[in-house]
Structure formats: C-alpha cells, structure tokens
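Try each task before you read its solution.

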Amino acid sequence: MLQYVFPIIVAVIGLIAGVVIGWQVAKRAGKNRLKDAEAKAEQIIESAKHQVEIKLKEADLSAKDKLIQMKQDFERETQSKRNEIRREEKKLNEKQSSIERKMDVLRKKERDAQTRERLAAQQEKQIRQKQNELEELIEHQNRQLERIAGMSAEEAKALLMENLESEARAEAAKIIKSIKEKAEANAEREARQIIIDSIQRCAADTTVESTVSVVSLPSDELKGRIIGREGRNIRAFEIATGVDVIVDDTPEAVILSAFDPIRREVARIALEKLILDGRIHPARIEESVKKAEKEVEVIIREAGEQACFEVGVHDLDPALVELMGRLKYRTSYGQNVLQHSIEVAHLAGYIASLLELDPQTARRCGLLHDIGKAIDKGQEGTHTELGHEVARRHNESRIVLNAILGHHEDVEAETPYTIIVKAADAISGARPGARRETLENYVKRLERLEKVADGFTGVEKSYAIQAGREVRVIVQPDEISDGDSTLMASEIAQKIQEELEYPGQIKVTVIRETRAVDYAK
C-alpha cells in the first residue's frame, strides 16, 4: 500500500511544484508583455503627438493663407468702393457748382425783373399824368372852339378828332420811317455783334480725336501674361473685343487700337480689370469683357443725363437721353459730337435771349440737332432724317423737329429757332481746331471695310484693325469649313480690291474656331 502512496505523493508534489513554477514563469512573461505594451503605447502616444503638432501647423498655415486672401479681397473691394465714392463726390461737386451758377443767374434775373417792375410802375404813372394833361388840354380846346366858332360841342369834337387823327397819322408815318431806316442801318451791325458775342462765349478746348488708348501696367512682366502661352490670351481678347492689342517696347504700357471708340473703351476697361485681378485666361477675358460692356452702358446713360442737366433740359425722354449719351463716343470730323451738341445748345440759348426769344426752346433744339448721329450706323438716311424720325417718335415739338431737319437746309426753316441752331452749329464747328476731316474719312473707310466683310454668308463678326491694314473675319464654324475659310479670305480680298480705294495692301484673316463644352456633375 505504501509503495503506491509514495509515488502519488511525489507526483502531487511535482505537480504542485510545476504549477508554481509555471505560474512564476507566466507572471514574468506577463510582466514582460506589459512592459512591451507600455513601450508600444508610449511610442504610439509620441507618434500621435507628433502628428497632432504637424496637423496644427498645417491648420495654422492654412488659416494664415485664408486670412491673407481675405485681406487682399477686402483691400480690392475697399479700393473699388473708394474709387466709386470719389467718382460720386466729383459728380456731386460738379452738380453743386452747376446749381450754384444757376442760382446766381436766377438771382440776377430776379433783380432785373424787380428793376423792370419799378421802371414799369414809374412809366405807368407818367403815362397817367400825361393822359390827364391831354384830357385837360382837349377840354380847354373844345371850350375855345365853341367860343370862337360858335360850334356845338359835338361839332367841335368831330373837328378836333379829325385834326388829331391827321396829326397822329403823319407823326406815326414819320416814326415808322425813322424806325425802319434805323433798323436797316443797324440790322447788319447788330447781327454781326450777336455772332461775335456768341463766338466769344464759346470757350471750348481744341478737339483731337485718337484711335488708340494706352493702358498703364504695374510692370513689364504683365506683358507676357497678357500675351499668354502661344498668344492664346491676346488672341482671345482681340476676338472678344474687336480691338487690336499692341504689345511693344513701350515701358509699362499696352496700346489698344480701334476706330470704334465704344469698342475701344470696353477693351480698355476690361483689360484694366484683368490687370487688377491678375487672373488672365480666355474664360476670364470673356467675363471681364461682358462686365465692361455693362459698365460702358452705365457711363453712356450718365453722360446723357449730365449733358441734359448742363444745358437745363430736364424733361427729355429716357430713350433720347441714352442716345445723347452715345454721342460721347461719336466724333464728326474729329470733334466730339456730345460736346458739340452742348456747345450748340448754349450758343443757341444765348442768341435766342439776345433776340428776345425763348432760350429754353433754343437750347432744346441745339441739344437735339445732331441726335441722328447716334443711330446712323447701319441705318438708311442722313443723320438729320434719322434724328427727325426718332424725335418725332418721342413726341418732340414741331419747332424741335424743324430745327433738326433744317439746320443743314434740308427743308425750309419754319421758325427762327432753326436759323439760330444753324448759326450756333456753324460757330461750334468752324472754330479753329474743332474738326479734322481726315479722321472722318478714315473712320468711314474702316466702316466700309467691315461692311464688305459682313456681307458674306456665314460671317459672325468682322473687325478692321491695324489702322485699316488688316480685317479679321470671325465665321460661324457650323456653316464654314476650314476649306471654305481659305476660299472666303480670297473672295473678301477680291471684293475689297473691286469696291474700295485704299493705300498699300490690306490683309484678310478668316478665323474659324470650334469650342467643345461639357459639365462635370
């Protein structure tokens, strides 16, 4: 029995010792794993801290970039607002000065009216006194006649009236003859004096029309950005505006050349916006040109309103006001037509006041006399006929219509105002330096050049550039193929040779552009 118990006890003791030893080994292994886990945890924490620091730095840099961008945007917007406020302040100052001048004129007229009223009262008093004296004299003569001739009062009265009538007729004849002789003797001198006074009051500057605009650049580095890669930017700008962009050695400047002033003004504003923005690419160019066109429309409307305010014509139809504004970008023989119309209005008003006519009507006739020049492009008829028609549609008076149609003697003058406008028009146009015939002929030649190109089927737009030495024709890609473009260039050149007279040679460039547009959704 003991031989079996002893091995069992030994086995149990061995088992217990193995368990204890295993537990100790497992405990040490657990401590080692715990240490390894703690070390890994510390590494993970250190790595996480490092990544957090990197993320914080990146967020800080991003916030600073956004802050700088927001600051730049705010500065641009603030500068734009400041410029707008300056323009508005300038307009308000001009209006205030004009109102003050008008108030001075009104005060002077009021003083003159009061003086005339006092003189009229004195004259009326003198007339009553003389009338009383005349009645007393007549009564005295009647009594004398009755006493001497033994006539009745009725008979004496009849005789006296007959004598007075004869004397009055003789005196009136003498007065009429004297007035007529004086009028004939002084008419030419007074008319000459009126014209001289009117010319002296016309103190306008000499007008010299240009076909180029110069856009200043912050630095010459922008010239490369304006041209773009392989010339894509400058080509897109010229196609969108119809203006020739000249980038030469002129320091910090780009030249815009076009015979159409409105087109050139749109290009100038669009290019200045692009330079200020700094983002110059074809899509941005098209957007800037559209915004510039809207801005020019506002400028045209404001110019018409300012012209009407300056000459004192306040009840003009809005459509006519807009047409007046378009004259700001129209010249006649080198003379700005809007300034010419304002000059004619002032001169006509002054001449009318000297002739004791209505100055307000005269100024209205003078302001509108060349309104047809704002719509004569692409229209049949002279500028007087077109101006007469548009004024008639907007219910202008017969006096104004006759002045518009008759200031170039197209019809007979029905009122003195037509003659006044004709004289004022001659004064404004004949002053030295006012006009230059070569510019008008030049513009007409370029207009004819574009008209020839526009007459071909499939032409979308055409622009005469390089002072008329080149015409660029933009065709519709759906109607004209590449092969047809070459043939069209030859046909346009042939027609120009047959119909136009020009110095040197004219380059015909046909542009066919296909665009593919899609949207990512």
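**Exercise 1. Find the partner of R472 in a salt bridge, and work out which parts the pair ties together.**

Solution. Start with the rule: a salt bridge needs a side-chain nitrogen of Lys or Arg within 4 Å of a carboxyl oxygen of Asp or Glu. The side chain of R472 meets that of E238, with N to O at 2.2 Å. Helices (H or I, at least four residues) and strands (E, at least two) are DSSP runs, numbered from the N terminus. Buried means under 20% relative accessible area, exposed over 50%, and partly exposed in between (1.4 Å probe, protein chains only).

A word on the source: this is a predicted model, where local features need pLDDT of at least 70 and side-chain atom pairs count only at pLDDT 80 or more, while totals for chains, interfaces and linings use all residues. Residues are numbered from 1 along each chain as its sequence is written, and side-chain values use heavy atoms, with hydrogens and water left out.

**Exercise 2. Now take D104 and R107: how far apart are they in helix α1?**

Solution. Their side chains form a salt bridge at 2.3 Å, N to O. The two are three residues apart in α1 (residues 2–149), so about one helical turn separates them. The general rule is that an α-helix has 3.6 residues a turn, so residues three or four places apart point the same way. For accessibility, D104 is partly exposed at 42%, and R107 is partly exposed at 39%.

**Exercise 3. Which residues are linked with D277 in a network of salt bridges?**

Solution. Begin with R279, whose closest N and O atoms to D277 are 3.0 Å apart. R279 is partly exposed, with 46% relative accessibility. Then follow the links: the network holds D277, R279, R284, E287 and K291. By the same cut-off, the count of salt bridges comes to 22.

**Exercise 4. At what angle do α6 and α7 pack?**

Solution. The angle is about 100 degrees, and the axes are 7 Å apart. Axes are lines fitted to C-alpha atoms, for helices over the stretch in contact, and angles run from 0 to 180 degrees between N-to-C directions. The two helices are therefore roughly perpendicular; angles under 35 degrees count as roughly parallel, over 145 as roughly antiparallel, 65 to 115 as roughly perpendicular and the rest as oblique. Now list who makes the contact (heavy atoms within 4.5 Å): I300, R301, A303, G304, E305 and C308 of α6, and V321, E322, M324, G325 and R326 of α7.
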